[in-house]
Amino acid sequence: MKAVGFINNFPIAHPESLIDLTLENPIPGPRDLLVRVRAVSVNPVDYKIRQSRSPSGGKAEVLGWDAVGIVEGVGGEVCRFNLGDRVYYAGAINRPGTNSELHLVDERIVGAAPHSLSDADAAALPLTTLTAYELLFDRLRVAKGGGAGQSILVVGGAGGVGSILIQLARQMTQLQVIATASRDETRKWCLDLGAHAVVDHSVPLGAAIKAAGVEQVDYVASLTQTTQHFEQLVEVLKPQGALGVIDEAVGIDSTKLMLKSLSLHRELMFTRSLFQTPDMQEQGRLLQEVGDLVDAGRIKTTAHTHLGKINADNLRRAHALLESGRAQGKVVLAGF
Ligand SMILES: NC(=O)c1ccc[n+]([C@@H]2O[C@H](COP(=O)([O-])OP(=O)(O)OC[C@H]3O[C@@H](n4cnc5c(N)ncnc54)[C@H](OP(=O)(O)O)[C@@H]3O)[C@@H](O)[C@H]2O)c1
């Protein structure tokens, strides 16, 4: 099968930073689906692993943690899906990625792909949906349908995760949603996705939210550059508020949360699959739930940039765009 991977940690401008490969077809384990991949999207984790992990023994490693495809084979214990089903999922960080014609994934972390979306538009959603949903409902513990009279600041609103988090917060809660964006096009994007207000993260956030008519917020979803913004996030949160973080947030000083009794919540959407937690099938269920909202016309795709077929040249362009920190919505690719 065709695949795209890397062997060496070259900068993305290097022609071999990502390479086209021909690999053996994989064989499903008991709970695995064998999926013929039709479309993928690209996430910052792809370039972070490419930059930091050294594949052992010169063996190429395949990246990519978002796919839409058709079930072409099933393991002996599979019970949720059948041959021919069209599925969407993010996969597991300790298994080969989705940038390959055939891919294995545990059925418990898979949902039926929304039928109202094209393959590329659906591939934009899984990883960021899992992240945003788990952050809002499992970590910050916002009640579904709740949040009346409360507010959330979404830092990095126009990025992949922000683009779906804004929509989930609007469609599934009553929270007032204030997003951050620094450019005209990303500001408009956040408003179109449902943000009540957008503030610029390149100016002091406390003054910016006040200018938008919000004194302080109950929740912060810090989706990027937490280290840079940390002290301002502490400032804008109400006493007893909650800070949700999905990036590394290297070096933040949690003692600064104490004065206001702020809680800190870390989210990693790979935790459930990595540790095979007893509730890991919750990821399949929530992808199904959000897929139904998509088909009901309440959530739209976050795909913004379609870079063509899934090959090393186009994936290098995708990594370069994400590494620039200026991606808007999601970058998607379809077909081999
Ligand atoms: N823990 C998890 O499970 C998980 C899951 C997914 C992602 N992540 C991590 O979360 C981070 C965000 O992921 P993503 O996919 O949303 O990224 P992304 O799509 O690459 O984010 C791009 C957006 O970031 C905004 N941005 C750039 N610099 C900023 C700054 N200094 N302050 C605030 N916003 C800024 C940009 O907005 P403007 O152009 O408007 O400035 C741009 O739209 C990454 O570090 C990723 O690795 C973690």
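Visitor: Where does Gln 51 lie?
Guide: Gln 51 lies in helix H1. Helices here are DSSP runs of H or I with at least four residues, strands are runs of E with at least two, and both are numbered from the N terminus. Please note that this is a predicted model, in which local features need pLDDT of at least 70, side-chain atom pairs count only at pLDDT 80 or more, and totals for chains, interfaces and linings use all residues. Residues are numbered from 1 along each chain as its sequence is written, and side-chain values use heavy atoms, with hydrogens and water left out.

Visitor: Is Gln 51 buried, exposed or partly exposed?
Guide: Gln 51 is partly exposed, because its relative accessible area is 41%. Buried means under 20% relative accessible area, exposed means over 50%, and partly exposed is in between, using a 1.4 Å probe and protein chains only.

Visitor: And what does Gln 51 touch, apart from residues up to four places away in sequence?
Guide: Gln 51 touches Asn 9 and Glu 323. Contact means heavy atoms within 4.5 Å. Val 74, by comparison, is 23 residues from Gln 51 in sequence and 33 Å from it in space, C-alpha to C-alpha.

Visitor: Let's move on to Asn 43. Where is Asn 43 found?
Guide: Asn 43 is found in the loop between strand S3, residues 32-42, and H1. Asn 43 counts as buried because its relative accessibility is 3%.

Visitor: Which side chain does the side chain of Asn 43 make a polar contact with?
Guide: The partner is the side chain of Lys 330, at 2.4 Å. A polar contact is a pair of N or O atoms within 3.5 Å; within protein, one must be able to donate a hydrogen and the other to accept it, and residues adjacent in sequence count only if both atoms are side-chain atoms. Not counting residues up to four places away in sequence, Asn 43 also touches several others, among them Trp 65, Asp 66 and Leu 127.

Visitor: What about Ser 41, buried or exposed?
Guide: Ser 41 lies in strand S3, and it counts as buried because its relative accessibility is 1%. Its side chain makes a polar contact with the side chain of Asp 66 at 2.7 Å. A polar atom of the Ser 41 side chain also lies 3.1 Å from the backbone oxygen of Ala 123.

Visitor: How many residues apart in sequence are Ser 41 and Val 71?
Guide: They are 30 residues apart in sequence and 18 Å apart in space, C-alpha to C-alpha. Beyond its neighbours within four places in sequence, the contacts of Ser 41 include Ala 124, Lys 330 and Val 332.

Visitor: Now the ligand. How many residues surround the ligand?
Guide: There are 27 residues around the ligand, and the closest are Lys 48, Ser 182, Arg 183, Thr 186 and Glu 267. A residue is near a molecule if one of its heavy atoms lies within 4 Å of it.

Visitor: Which helices each supply at least two residues of that shell?
Guide: They are helix H1 (44-52), helix H3 (126-139), H4 and helix H7 (226-236).

Visitor: What is 2.7 Å from an oxygen atom of the ligand?
Guide: An N or O atom in the side chain of Arg 183 is at that distance. An N or O atom in the side chain of Thr 186 is likewise 2.7 Å from a ligand oxygen. A polar backbone atom of Met 269 lies 2.8 Å from an oxygen atom of the ligand. Taken alone the ligand exposes 930 Å², of which the protein buries 89%. These areas come from the Shrake-Rupley method with a 1.4 Å probe; for residues, only the protein chains shown count as cover.

Visitor: Back to the protein. Where is Thr 173 found?
Guide: Thr 173 is in the loop between helix H4 (160-172) and strand S10 (176-180). Thr 173 counts as buried because its relative accessibility is 8%. Its side chain reaches the backbone oxygen of Ala 169 at 2.5 Å and the backbone nitrogen of Leu 175 at 3.1 Å.

Visitor: One last thing: what is the phi of Gln 240?
Guide: Gln 240 has a positive phi of about 70°, although it is not a glycine. This residue is found in strand S13, residues 237-245, and it is exposed, with a relative accessible area of 69%. Ser 261 also has a positive phi, near 50°, and its place is in the loop between S13 and strand S14 (263-266).
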